[in-house]
Amino acid sequence: MKVENNKSLKEYNTFGINSTASEFVSITSEADLINAISIIHKRPIFILSGGSNMLLTKNLDAFVLHIKIKGITVIEESENSVLISVNAGENWHDFVQYCIKNNYGGLENLSLIPGYVGSAPIQNIGAYGVELKDTMISCEAINIATRKKHIFSNKDCKFGYRNSIFKNEVKGEYIITKVTFNLTKKEHTLTTSYGAIESALNDQGITKPTIKDISEAVIKIRKSKLPDPSKIGNSGSFFKNPVITKSHFTKLQKIYPNIPSYKIDDDHIKVPAGWLIEQSGFKGKRWGDAGVHEKQALVLVNYDNATGKEILDLSKKIISGIKEKFDILLETEVNII
Ligand code: EPU
């Protein structure tokens, strides 16, 4: 086990924040992982995956385990479907592209989401009408305290909107090592109802899209709205879209007739945080190197050398602005470390 000390994490988080790890180890196999956990005594452990959904606001006084366990295995195949397992350290988008190349359907709407496979179940990644929970069968994880393997079924994961058991009941207790999906080989279930996908396909005159067409449409939409983390540091949506009561929404609608909304149930409405932030005048604004993206207000960006604290301060400014204007309390989607 090669331990690096005072390692800069700038290259390991998509926000590009220059925090350090007091100890840093790359983990390339499950055996490595179990070995590392058993050797580390009395030191806090921090699990680092693709670093695409976190904001580092301090240096980490912890043993950082960077999970790089690779490998994709077809477990079972029939004429119509395939059961496929992928190890936690695979890049999510590369895995989606592997599936598209092999005509395995179900993940195409989740193209170009940054990060590694292992953290995908933690926040039940989702985009353009599809979530990980729609095709995930199970995931394997190592319990840090016992070093035993545990298999979580889809149901065990208690998936919700950007939420799972790994953010709640068992937070910090497990390290996900493998995720298994059930994907289609023919008669794919295509989700094209999301407005932007439909118009991207129409623009190209595609009426009977393949999963590759959908993946390409999603890539095009994401590239047009979301900043590329390799160019401008960011962690995608910084906040969750808030859910408010119907009566609250009705009041807002009287003042803002164009407020976009999605019905959750008879009493609850989800409103896009991006719209709230834009209406509050934050879109495209910049304070030093910390800013609000000019094309998608839900994304906070690090133009170059912003500290995590500067991004955090900007998020607090936005939270209080939205509270004051709309009486809505935004919650962060990104994990603040
Ligand atoms: N909007 C604005 N101004 C903005 C941004 C958005 O008015 O600056 C309005 C749009 O006009 C639209 C609505 O807000 O009416 C929704 O916008 P968009 O379709 O861009 O989606 P979103 O709700 O802002 C969510 C996810 C994204 C995901 C997209 C597409 C969350 C927190 N975010 O964003 O996920 O890609 O839908 O499905 O649910 C992520 O989680 O990191 C992420 C990028």
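How many bridges join strand β2 to strand β5? There are 6 of them, linking residues 20-27 of β2 to residues 60-67 of β5, and the two strands run parallel. Strands here, like helices, are DSSP runs counted from the N terminus (E, at least two residues, for strands; H or I, at least four, for helices), and two strands pair if DSSP finds at least two bridges between them. The model is a predicted one, in which local features need pLDDT of at least 70 and side-chain atom pairs count only at pLDDT 80 or more, while totals for chains, interfaces and linings use all residues. Residues are numbered from 1 along each chain as its sequence is written, and side-chain values use heavy atoms, with hydrogens and water left out.

Another pairing involves β10 (residues 136-143) and β11 (residues 149-153), which are antiparallel over 5 bridges. S138 faces S153 in β11. The two strands make a hairpin with 5 residues between them, and R147 in that turn has a positive phi of about 65°.

What about single residues? M1 lies in the segment before β1 (4-8). It counts as partly exposed because its relative accessibility is 47%, given that buried means under 20% relative accessible area, exposed over 50%, and partly exposed in between (1.4 Å probe, protein chains only).

G233, by contrast, is found in strand β13 (residues 233-237) and is buried, with a relative accessible area of 9%. Leaving aside neighbours within four places in sequence, G233 is in contact with T14, F15, L300, V301 and N302. G233 and L9 are 224 residues apart in sequence, yet 13 Å apart in space, C-alpha to C-alpha.

Definitions and conventions: Contact = heavy atoms within 4.5 Å.
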